[in-house]
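Visitor: I would like a close look at a single part of this protein. Please take me through it, then show me what surrounds the rest.

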Amino acid sequence: MRAAFYERQGTAKDVLMVRELPDPEPEAGEVRVRVVASGINPSDIKTRTGFGGKAMPFPRIVPHQDGAGVIDAVGPGVLASRVGERVWIYMAQWGRAQGTAAEFVVVPSVQAVKLADNVSFEIGASLGVPAMTAHRCLFADGDLRGKRVLVQGGAGAVGNAAILLAKWAGAWVAATVSREEQAEVARAAGADFVVNRHEEDVAQTVRSATGGHGVDRIVDVDISANIDVAVACLARDGVVTAYSTETPQAMLTIPFFPALLGGFSFRFVYVYSMPQEAMRQASEEISACAASGAYAPRIAQTYALDELVEAH
């Protein structure tokens, strides 16, 4: 098979190459997928560059956690009827050397989730890390119907996924952006209210938009920078969930007394350490959302496998 890989960490142009590698074979409980689309996430970049001082976990890495394609072979213990099934893939390269940046990938059967016929492979390759992260951020603390949600960074991959899933679940959604092009992306995803964080007072504007109630949930791309806004925006017993940081050295200082009086909760989501039951629920509900036609992320650009350096 043709595959992209790197054997040392560094910049994309210095370390990424596309060559022939042996076709992988599925073992017990695994499936092999002929990859049609592979999704790139920040964690893929961080692994390649050694973000946070993390060394290469394997001598050679075929990158990318997310993808979509068609099962073409199964290992022992997997129903033969899965051959030919359209699937989306999550966490393909987690704990493994080979991810989806190749013509074929082998993953545990549970991580190849049935993809509805009406959902494109490109959207399927956009579901893994962004949608699984957003789902956990949104639903770890219960149903969203009738709730108010604030998404910090509504044009990013996880933020956009959070808008799409929250609207599908019946929530009112506000989103912050940095410029008008991002506002268009957030509105297209269904955001009811969009705030330019550089031009408006986010807390005051969101409070006003909610009639002074505040929001029940916050999905935050950089909680260490946004903690004061979070505390000012949350309704009584509200929850803020953080899933990312600009730097591994980031520190979080929570204003104790306002958080105490508000009964606020703080949750941290790292998609790769989600409980198995949370992953199962997320994969089922994300698939249902996509099949309903409600999950339509903005795909900014597509590349051929030979263009992976440019893509990274």
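Guide: Asn 226 sits in helix α8, residues 223–233. Helices here are DSSP runs of H or I with at least four residues, strands are E runs of at least two, and both are numbered from the N terminus. This is a predicted model: local features need pLDDT of at least 70, side-chain atom pairs count only at pLDDT 80 or more, and totals for chains, interfaces and linings use all residues. Residues are numbered from 1 along each chain as its sequence is written, and side-chain values use heavy atoms, without hydrogens and water.

Asn 226 counts as buried because its relative accessibility is 16%. Buried means under 20% relative accessible area, with a 1.4 Å probe and protein chains only. Leaving out residues up to four places away in sequence, Asn 226 touches Gln 152 and Asp 220. Contact means heavy atoms within 4.5 Å.

Now helix α6, residues 180–189. Its buried residues are Gln 182, Ala 183, Val 185, Ala 186 and Ala 189. Down the axis of α6 they fall within an arc of 160°, so they line one face of the helix. The arc is taken from the directions from the helix axis to the C-beta atoms. These buried residues pack against α5 (157–168), β9 (172–177) and β10 (193–196). Gly 190 follows α6, with a positive phi near 115°.

Last, the cores. A nonpolar core is a set of buried Ala, Val, Leu, Ile, Met, Phe, Trp, Tyr and Cys residues joined through side-chain atoms within 4.5 Å. In the largest, of 53 residues, Leu 138 and Tyr 295 touch the most other members. Elements giving it two or more residues include α5, β9 and α6. Apart from it lies another core of 18 residues, among them Val 202 and Val 240.

Notes: Buried < 20%, exposed > 50% of the residue type's maximum accessible area, 1.4 Å probe, protein only.
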